[in-house]
Structures are given as C-alpha cells and as structure tokens.
Amino acid sequence: MIIAVDGPAASGKGTIARALAGHFGLPHMDTGMLYRAVALTMFRFGGDPSSEFEAVRACEGVAQVDPTDPDLRSEIVGSIASRISAYSGVRAALLERQRAFAAQSSGAVLDGRDIGTVIAPNASAKLFVTATPEVRARRRVAELLSRGMPGHFDDVLIDIRARDERDSGRDAAPLAQAADADLLDTSGLTVDEAIAVAIALVEDRI
Ligand code: C5P
C-alpha cells in the first residue's frame with residue numbers, strides 16, 4: 001500500500017503523512033527533506049542556486065546530510081530548495097531514492113509535491129492537502145517560533161506565495177492535484193480533525 005500526500009508549503013501535509021504512517025504502520029518519507037538537503041549542502045559550501053550544474057552536483061551529498069540538522073527547516077534553506085527543485089536534473093537525481101522508498105514491500109507513505117503525479121502515480125490512496133496562504137503563513141510562523149527561529153507573518157506570507165508560484169508554475173513536475181487524488185482543505189480544521197478526515201479518505205480508497 002502506497003499513500004501519496006501532496007500539497008503546498010505548510011498545508012499540514014507533513015503532519016498528516018506522519019499520522020497516516022503511524023495509523024497504518026507504514027514507513028514515511030518527507031521528500032521535501034531531500035530537496036532541503038541539497039539546498040543546505042549548497043548553502044554551506046557556497047554553491048550558486050542559479051546554476052543547475054552545481055545543484056545537480058550537490059545531490060550527490062544528500063545522504064551525508066544529518067536529517068536532524070535544524071538548519072534544514074530554516075526559511076532560507078526552504079527558499080533555496082524551492083529554486084533548485086525546479087531543475088529537471090535535480091528532480092531526476094532524486095527520483096530513484098523516492099521510488100525505491102515507495103517500492104518497499106511494507107508499503108509506504110510519501111509526502112511532497114509530485115508523489116501522486118510523478119513518483120507513485122499508481123499509489124493506492126492520494127491526498128492533496130491544502131489551506132489558504134494566510135492560514136499556512138500563520139502555522140509556519142508558529143512553527144518557526146517554537147523552534148526558536150525568527151518568523152514574521154508578512155515576510156512568511158510573501159515567501160509562501162512566492163513558493164506556491166514557483167512550485168506550481170515550473171515545467172518540471174509542478175505542484176498539481178492528481179486527477180484521482182482526494183482534496184483535503186485543512187484551513188478550518190484542527191490538527192486532530194484533519195488527521196481524522198485523512199484517515200477516513202484513505203480507508204475509503206483501500
Ligand atoms: O515541503 P517542503 O517545504 O519541505 O519542501 C521544500 C521545497 O522542496 C518545496 O518548496 C518544493 O519546491 C520542493 N519539493 C519538490 N518536490 C517534492 C518535495 C519538495 O519540488 N516532492
């Protein structure tokens with residue numbers, strides 16, 4: 001059983017994917033972390049995000065990045081990740097790692113932008129999780145503050161809108177709801193409510 005969870009930044013897809021993994025006893029991959037690991041590698045070693053060549057080269061270092069490194073979650077790294085994820089060379093370099101994770105005999109939950117459309121088009125269940133940009137910005141600010149990082153609503157909202165535009169407007173695997181995905185708008189829902197709806201939607205599909 002493969003569960004694909006896609007959606008824009010701070011929509012709640014990560015929280016929902018983790019909860020689904022726990023509920024159904026499946027391993028979980030946050031695929032945004034792969035793009036963030038490439039971005040962090042470039043940031044630390046002074047790579048130029050406007051060079052696809054340098055970004056593709058940085059993909060070789062993904063396995064060396066400590067997944068618990070707090071800088072992975074920073075806004076600057078997220079913004080570089082959004083830029084370098086538009087390169088088809090970067091997407092190709094990270095594709096196999098994601099497909100292999102999805103192909104485990106246990107099944108898997110993957111969350112990202114193109115899981116239901118590109119990585120696992122045959123997934124048993126697909127959710128497209130979304131929320132208004134304002135709700136997402138408010139959540140992202142709360143998350144940043146809870147991690148002891150600076151977060152200002154207006155800046156975060158501008159960044160979220162810019163990221164939505166880049167993620168949806170790019171040629172290579174743009175953020176888009178798969179035709180057979182269920183839409184889950186979490187704007188007016190608590191975390192527990194969103195998780196309950198997600199579980200019900202997946203149960204209907206399997
Ligand atoms: O989800 P998260 O914000 O951590 O992802 C960081 C960036 O990586 C996103 O802005 C998006 O551009 C990119 N990404 C992607 N495809 C995925 C996951 C993330 O392009 N499957």
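What share of the contacts with a separation of 6 or more comes from residues 24 or more positions apart? In this protein, residues 24 or more positions apart account for 74% of them. By contact I mean two residues whose C-beta atoms, placed from the backbone, lie within 7 Å.

Okay, a quick word on what we're looking at. This is a predicted model, where local features need pLDDT of at least 70, side-chain atom pairs count only at pLDDT 80 or more, and totals for chains, interfaces and linings use all residues. Residues are numbered from 1 along each chain as its sequence is written.

So, the overall layout. The protein has nine helices and five strands; these are DSSP runs numbered from the N terminus, with helices being H or I of at least four residues and strands being E of at least two. Walk along the sequence and you read β-α-β-α-α-α-α-β-α-β-α-α-β-α. The radius of gyration is 16 Å, close to the 17 Å from the globule rule for 206 residues, so the protein is as compact as a globular protein of that length. That radius is taken over C-alpha atoms, and the rule is 2.2 Å times the number of residues to the power 0.38. Along its principal axes, the C-alpha trace spans about 45 × 40 × 30 Å.

Buried residues make up 44% of the 206. Buried here means 20 or more other C-beta atoms within 10 Å of a residue's own, exposed means 12 or fewer, and partly exposed is in between, with C-beta atoms placed from the backbone.

Now, the ligand. It is surrounded by 14 residues, the closest being G32, Y35, S82, S85 and G112; to be near, a residue needs its C-beta atom, placed from the backbone, within 6 Å. Which helices supply at least two residues each to that shell? They are α2 (32–44), α4 (75–84) and α8 (153–169). The shell divides into three nonpolar, six polar and five charged residues. In that count, Ala, Val, Leu, Ile, Met, Phe, Trp, Tyr, Cys and Pro are nonpolar, Asp, Glu, Lys and Arg are charged, and the others, Gly among them, are polar.

Let's stay with α2 and α4. Their axes come within 8 Å and cross at roughly 105°. The axes are lines fitted to C-alpha atoms, for helices over the stretch in contact, and angles run from 0 to 180 degrees between N-to-C directions. The two helices are therefore roughly perpendicular, a label for angles of 65 to 115 degrees; under 35 is roughly parallel, over 145 roughly antiparallel, and the rest oblique. On the α2 side, the contact includes G32, Y35 and F43, while α4 brings in I76 and I84, among others. The contact residues divide into eleven nonpolar, two polar and one charged.

Most residues other than glycine have a negative phi. A10, though, has a positive phi near 60°. You'll find A10 in the loop between β1 (2–6) and α1 (13–24), and with 24 C-beta neighbours inside 10 Å, A10 counts as buried. A173 has a positive phi too, near 45°, and sits in the loop between α8 and β5 (182–185).

Last stop: S106, in the loop between α5 and β3 (108–112). Is S106 buried or exposed? With 8 C-beta neighbours inside 10 Å, S106 counts as exposed. Beyond its neighbours within four places in sequence, S106 contacts L26 and P27. S106 and P27 are 79 residues apart in sequence, yet 7.8 Å apart in space, C-alpha to C-alpha.
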